[in-house]
Structures are given as structure tokens and as C-alpha cells.
Amino acid sequence: ILLMRKQNLRFTSSLLFAFIVLTTSTSPLLHVTSYSLSPPTMSATYFGETKAAGTTVQVTFDGGNVSPKYALGYWSIRGLGAPLTMMLCAAKVPFTLFLYDIVENDENGWNSDYFAAKKDYIKDYDSPLWNLPFCVDRENKNVVCQTNAVFSYLGRACGMLGDDAKTTSQCEQLLCEIYDLRNIMVQYAYGSSEVDPKGVLQNAMKHLQKLESWLELQAKSMSKTNDEDESAKRAKVNAVHLVGGKFSAPDFHLYEMLDQFNAFAKFYELDDFMTDLMRLREFYEGFAALEENQFYLKSWLHKELPFNNCMAKFGSLPGPKTYVHKESADLAMWRQKGVVTLSP
């Protein structure tokens, strides 16, 4: 009996070994990664890798032993990707960041591997709305596209989309208002017509003044004094968050836009646009000083990526400077970094 048991054990072990060999084969018909004895590799992860991205950044906070639950995809610039990246970093949520390069393809044109890959993404992931930025929730096999939808999805995941129906609604309203502010910069940076930079700031001011008033209300609600003197209240409370005195998704987008408009004003030697916007200045400086934001702000993702893509008339090189077709190609050191790791 004992001999038969030993023989059965050897037979079972042989079958198990053969099964593992078959299921880890490179053959597409036999590859079944869910039965591998080793931890899942990046290639086995839902949207774990893509050759179309010039750079893949693995942002880790736990030693990088587990594939991150979330992935982000965007152009290899700051743009809309920066505030999403900054939010995940502040929340210390591990994630993969796919950065897609735009490069010259002829005398005046541009191309990207992303354009061809997008067609496959739509088909392979049943996602006809696919666009940049995109977010992949690998655990739930869910792809989320469109900027504010991604902000909301990740905001909930990070606990940064309000605490109740009212504050969640406030976050959603602010995300829309800040996107309107961004559109003014985008229209100038990528527009073909000549526009006076001073006029760009004037157009932005209507949104900036709304946000100034919003922050003023936040400061009042946080004030502990009963003093009716308005200047006394303003002196005692600095509002470094947009909703409820805590981190929320719109904080990160507002910070990115203030940073870009601040660089814009300096680049064109315009007056400081925050001179009469004290609350926005307090927010801009105070938010940047928060400990939770230091990891991102000190990283190359913030310091070395340009605000805008290569064809933009403003912020298409770090500095900010302006990218010149073909002439500036050697300066685009942020392209084609391959797979890199970023951790505190």
C-alpha cells in the first residue's frame, strides 16, 4: 500500500509539472497565467504593459513587490496627466504611468505610436471611448476615459472626492470650472491664430476670480474667530484646500494650472496675475509646501516634463521654452526612457 501511495505521488507530481510547463508555454493556445506557481508578472497583468508607450514608470510605495492596481496613460508631458499623477502620489497609491511620445515624421508633421495602438486598445478592452488620459483599474478590469471621469474615479479611490453628497458635488463643480480655466491655456498654446498673451491672462481672470471667491468662502468656514472684521478673518486662515479643509481631486488640477499660468506670465514678462488674488496665492504656495506633495514635486515627472506637447507655442520644452520642429529633438530627454521605477 505504501509503495502504491509513493508511486501515485510521483505520478501526480509528474502531471503537475507537465501542466505547469504547458500553461506557462509561449504558445498562445496554452498560455494560462492564472495557474503559474510564481507571482503574476507584469505581462500577466490586465493592461500590464504596452509597447506604444515610450516610457513606463512604476511608481511604488511598498517596495514594488505587487503589481499596482491602477495604471494611467497620457502624453509624455505634464498636461492633464500631472494633476492625476500628483494626486496618486499624495495618496501614496502605487500605479503604473504610461507616457506616449509625439515625434516628428516629416518636414512639418508629427506622429505617435499611440495612434495605432489606440485602435487595438479599443478592440482588446471593449472601450470605444478610449482617449488620453485613461485610467485602468486592473483589479476590476475597468477602463475609464475622459479627464473629469478619471479625476472622479481616482478621487473616490483615494478618498479625495468629498465626504458626502454635498462635498462630492462641490468637487465635481470645481473640476468643471478648472477645466474651463485650462481650456483658455490650451486654446492659446495649440491655436493657430496670433493672440496677445496679455489677453490670455485677461480671459483667464474670470475663472480665477471665481476660484478666488470660492477659496474666500472656504477660509471663512474654517475661521474660528467671531471677529466681524473681514481683514482679521483673512489674516488668520489660509485655505490650502478647495473643499472641507482636506485633499480633494480639484486641488491638484488647480495647482497645476496656477503653476502653468505663473510660468506663462514670467515667460512673456507680464505682471504677476495673483497680485490681487490673495487666496489663490495662498493656495498655490501653501499647497506646494504640503508634505504629501513633496515626492511628486521633487521628481523628474514635475521638473523635467514640459507643460505641453511639441507643437505648442508655449511650454513645449521644460523651462518653459518652445520646441522647434526637428531642431529641438535632441533636447527631448524625457522621451523613450523605457521602464523606470520611481519611489520615495
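Phe47 is buried, with a relative accessible area of 1%, where buried stands for under 20% relative accessible area and exposed for over 50%, with partly exposed in between (1.4 Å probe, protein chains only). The phi of Phe47 is near 50 degrees, which is a positive value in a residue other than glycine. Phe47 belongs to the loop that runs between helix 1 (2–23) and strand 1 (55–59); helices (H or I, at least four residues) and strands (E, at least two) are DSSP runs numbered from the N terminus.

The model is predicted, and local features need pLDDT of at least 70, side-chain atom pairs count only at pLDDT 80 or more, and totals for chains, interfaces and linings use all residues. Residues are numbered from 1 along each chain as its sequence is written, and side-chain values use heavy atoms, with hydrogens and water left out.

## Positive phi at an exposed residue

Glu269, in the loop between helix 8 (249–267) and helix 9 (278–289), has a phi near 55 degrees, again a positive value in a residue other than glycine. Glu269 is exposed, with a relative accessible area of 73%.

## Cis peptide bonds

Most residues other than glycine have a negative phi, and most peptide bonds are trans. The bond from Leu132 to Pro133, however, is cis, with omega near 0 degrees, and Pro133 sits in the loop between helix 3 (113–124) and strand 6 (134–137).

Gly319 and Pro320 are also joined by a cis peptide bond, with omega about 0 degrees. Pro320 is located in the loop between helix 11 (300–303) and strand 8 (338–342).
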